[in-house]
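I opened the model today and kept notes as I went. Each entry says what I looked up and what I found.

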Amino acid sequence: MAEKVRFIIERQDGPNDKPYTQEFDVDYRPGLNVVASLMEIQKNPVTVDGKKVPPVVWECNCLEKVCGACMMVINGKAQQACCALVDNLKQPIKLQPARTFPVIRDLLIDRTRMFEALKRIQGWVELDGSWENREAPIQNPYTATTAYEISRCMTCGCCLEACPNVGPQSDFIGPAPTVQAYLFNLHPLGKFDAPKRLNVLMEKGGITSCGNSQNCVEVCPKSIKLTTYLAQLNRDVNIQALKNIFNN
Amino acid sequence: MFHTTFYLRRLHSLCGLLVLGMVLFEHIFTNSMAILGPQGLNTALEMMELIPKPIFMGLELGGIAIPLLFHGIYGIYIALQANTNSGNYAYVRNFNFSLQRWTAWFLVVFLIWHVGYLRFYVKGITGTPISFELLQNFFTNPIVVFLYILGMFAAIFHFCNGITTFCMTWGITKGPRSQNVISIISMLLCAAMCLITIVFMGSYFMY
């Protein structure tokens, strides 16, 4: 008989239902990760007590840490399930939905708030046409390196889940959307709207809600230097505030 | 487009570091005179009495009472927006984040007791001047001594960790290296200030 891996999964039938836990055993195999384990449970949704239950609902897509969909709380820490190897996890493995977000069902969450926040900070570049290559505005290659790093953010929500200042008790939009404002402020055309974005960050729920716990940079699966860019944005909003006071 | 939240937050930060930091330093400085014995502390306290009453009252109100009330009340509002999670995310900075809030809650209670008893009741209502002997008598209760040392440690940590976060909030330290350097320096300052506290608290049992 193969070695078993025990999973304790926090389930919830609907957005307003009470959460409960169920335990499942999955056959161990080398390189097994949490998403693959959830797929095994989906094939044969029988708990350790031998009860047949509705399969566990979760979300995944790319399976290579690019899409962000499979973020969940594994053994108490927010991370991507696709790259959470069973070998690196303490057993039994506890899976919970990221409750900073509304839970739709089981491990499936609703990330709408992050996209709403991106709308708020104007996470896009206003274009008034397109350019031929030679006429296009020049991007400093060093700035581009930073921009590339931040652009890899996949809106997974790890940083929001780990941030003690994000949750129903606060209106903080969270590290990821805040730092996206910096990405668009770096863009050769996006920078024209930088004062607009900085003013949004100065509003309630913006960058002032950051409490410097620095969990975001610890948990970011894309290793984005969130705290560095948050500090840069703090500098930028302070300068913007001086402009607001003295330029009017 | 007047960002009330932004200015309140920045004022809270400035108020804590500069104004209340000064108050903390003044307390440690004056109280450390107890190391020299009753004469030392009483002389220092009498020197403060030389400041004309209206100016002294103005300093107490503008330099302590108002900033402290603002920092405390707005701080409670800030602390209520945090859901501390240093159990699951056991990183040094996150632990400091939790400790910043726990010390804050303790200080709210401690300062109501400290200011209410020594400033309002003893000095204000009974009109007894604060002296080495009065404090020595106050500190005969070991629970009072324990709570006062804890109160000082909480205030010192809250201030020193505040230096680190102040530098982040104002965008002074941007990268992890500079943030770590400031963090180490402020924790050394924290240790030094705690040590001085233990020494001057101990002097009440020496004389």
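I started in a loop of chain A. A:P92 is found in the loop between β4 and β5 (93–96) of chain A. I checked the bond before it. A:Q91 and A:P92 are joined by a cis peptide bond, with omega about 0 degrees. I noted for context that most peptide bonds are trans. This is a predicted model, and I read every entry below with that in mind.

Most residues other than glycine have a negative phi. I found A:L63 in the loop between α1 (34–43) and β3 of chain A. A buried residue would need 20 or more, and an exposed one 12 or fewer.

I placed A:T155 in the loop between α3 (141–151) and α4 (158–162) of chain A. With 18 other C-beta atoms within 10 Å, A:T155 is partly exposed.

I then turned to strand β1 of chain A, residues 4–11. In a regular strand the side chains alternate between the two faces of the sheet. I listed the two faces here. A:V5, A:F7, A:I9 and A:R11 make up the covered face. A:K4, A:R6, A:I8 and A:E10 make up the uncovered one.

Which strands pair with β1(A)? Strand β2 (residues 20–27) of chain A does, in the antiparallel sense and over eight bridges. There I found A:R11 opposite A:Y20 of β2(A). β5(A) pairs with β1(A) too, in the parallel sense and over three bridges. In that pairing A:F7 stands opposite A:I93 of β5(A).

**A look at A:Q22**

I picked A:Q22 in strand β2 of chain A. A:Q22 has 18 other C-beta atoms within 10 Å and is therefore partly exposed. What does A:Q22 touch, leaving out residues up to four places away in sequence? I found A:I9, A:R11, A:T47 and A:V53. Two of these, A:I9 and A:R11, are on the covered face of β1(A). I also checked the spacing to A:V53. That residue is 31 residues from A:Q22 along the chain, and their C-alpha atoms are separated by 9.4 Å.

**Two domains in chain A**

I stepped back to the whole of chain A. It is divided into domain 1 (4–109) and domain 2 (112–246). Their centres, taken over C-alpha atoms, are 31 Å apart. Across the boundary, 13 residues of domain 1 of chain A are in contact with 13 residues of domain 2 of chain A. On the domain 1 side, β3 (71–74) and β4 (77–80) of chain A each supply at least two residues. β4(A) gives the most, with four residues. I sorted that side of domain 1 by class: seven nonpolar, four polar and two charged residues.

**Where chain A meets chain B**

How many residues of chain A are in contact with chain B? I read off 27, against 26 residues of chain B. On the chain A side, the elements that give two or more residues are α7 (215–219) and α8 (226–246). The largest share, seven residues, comes from α8(A). By class, this side of chain A has five nonpolar, 17 polar and five charged residues.

**Chain B**

Of the 207 residues, 22% count as buried. I also looked at contacts between residues at least 6 apart in sequence: 74% of them join residues at least 24 apart.

I closed with helix α2 (residues 38–49) of chain B. Its twelve residues reach 16 Å from first C-alpha to last, close to the 16 Å expected at 1.5 Å a residue. α2(B) is hardly covered, as one of its twelve residues is buried.

Methods:
Residues numbered from 1 in each chain as written. Chains lettered and ligands numbered in written order. Predicted model: local features only at pLDDT ≥ 70, side-chain atom pairs only at ≥ 80, totals over all residues. Domains from an automatic or database assignment. Contact = placed C-beta atoms within 7 Å. Nonpolar A, V, L, I, M, F, W, Y, C, P; charged D, E, K, R; others polar. Pairing = 2+ DSSP bridges. Expected span 1.5 Å × (residues − 1).
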